[in-house]
Amino acid sequence: MSYALTTYVVDLDVLHGSVGSGDDKLRRMIGGRFKQHLAHFDAQFDHVVDAGGPGIRDAIRAVIEGGPFDDRHGTMYGYAYKWICEFHGRALFNNDFSPMRSGWLETVDAGLNALGVTAVGVEEFGFGGAPSPIPAPEDLPGYGEWSLTECRKALEQWEAATDEGRAALDPSVLSAAESCMEWCRTAAAAGRGVAGFFH
């Protein structure tokens, strides 16, 4: 089975503040901008609705209103949070992470660590969940974030790495590590953080 990691540069405070904000204008703008995408998403997850779960628009409404939630359908609320992130943020280049095999995130983190980059790691995107009170999904999507401070620190650590150290890495791991640092550069330039969804 293949997975993907989708990352965004985003103002994390704005993203967090959308949860439970009751901002109906935001909900309508998301529904308008992503109208076709949301319809396609619902078609992929029609089994959830058939089982009594929320469609993606209802899930987005629940996240923005701060509930009520059905804890059995954390996956839908997690994806609703992803659509809110897509609205507020800007998707980053993720070709080194889509598609990817199981264990790839750990492999990339090992490469980053070998170069002395410890301030950020991609594996954390696979294990976390969307912020409270959004129910945790049974499986996917995973969620994590890198703060602006962590991105800046990671860039300092990356600059300190040696050419020999980089050359010692498997080329595909080095390419993925370079992508991670480009995410950090983009975030640092914008004064924002990075949000990532593993799905």
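Me: In this predicted model, how do the residues of the lining of the largest cavity divide into nonpolar, polar and charged?

Reply: The residues that line the largest cavity of this predicted model divide into six nonpolar, four polar and no charged.

Me: What volume does the largest cavity have, and which elements each supply at least two residues of its lining?

Reply: The largest cavity has a volume of about 40 Å³, and the count comes to one cavity of 30 Å³ or more. Helix 6 (74-88) and strand 3 (142-146) each supply at least two residues of the lining.

Me: How much space lies in the largest pocket, and which residues line it?

Reply: The largest pocket holds about 170 Å³ of space, and its lining consists of Tyr3, Met100, Arg101, Ser102, Gly103, Trp104, Leu105, Glu106, Glu123, Gly126, Phe127 and Phe198. Two or more of these residues come from helix 7 (104-114), and likewise from helix 8 (124-127), while helix 7 gives the most, with three residues. By class, the lining of the largest pocket has six nonpolar, three polar and three charged residues.

Me: How are two packed helices described, and at what angle do the axes of helix 5 and helix 6 cross?

Reply: In general, two packed helices are described by the angle between their axes and the distance between the axes. In this structure, the axes of helix 5 (residues 56-65) and helix 6 cross at roughly 75° and come within 8 Å, and because angles of 65 to 115 degrees count as roughly perpendicular, helix 5 is roughly perpendicular to helix 6. On the side of helix 5 the contact is made by Ile56, Ala59, Ile60, Ala62, Val63 and Ile64, and on the side of helix 6 by Met76, Tyr77, Tyr79, Ala80, Trp83 and Ile84. By class, this contact has twelve nonpolar, no polar and no charged residues.

Technical notes: Residues are numbered from 1 along each chain as its sequence is written. This is a predicted model: local features need pLDDT of at least 70, side-chain atom pairs count only at pLDDT 80 or more; totals for chains, interfaces and linings use all residues. Side-chain values use heavy atoms; hydrogens and water are left out. On a 1 Å grid over the protein atoms alone, a cavity is a set of points where a 1.4 Å probe fits but cannot get out, and a pocket is an open set with protein on both sides within 12 Å along at least five of seven lines; lining residues have an atom within 4 Å of a point. Grid points are joined across faces, edges and corners, and a volume is the space filled by probe spheres set on the points. Helices (H or I, at least four residues) and strands (E, at least two) are DSSP runs, numbered from the N terminus. Ala, Val, Leu, Ile, Met, Phe, Trp, Tyr, Cys and Pro count as nonpolar, Asp, Glu, Lys and Arg as charged, and the others, Gly among them, as polar. Axes are lines fitted to C-alpha atoms, for helices over the stretch in contact, and angles run from 0 to 180 degrees between N-to-C directions. Angles under 35 degrees count as roughly parallel, over 145 as roughly antiparallel, 65 to 115 as roughly perpendicular and the rest as oblique. Contact means heavy atoms within 4.5 Å.
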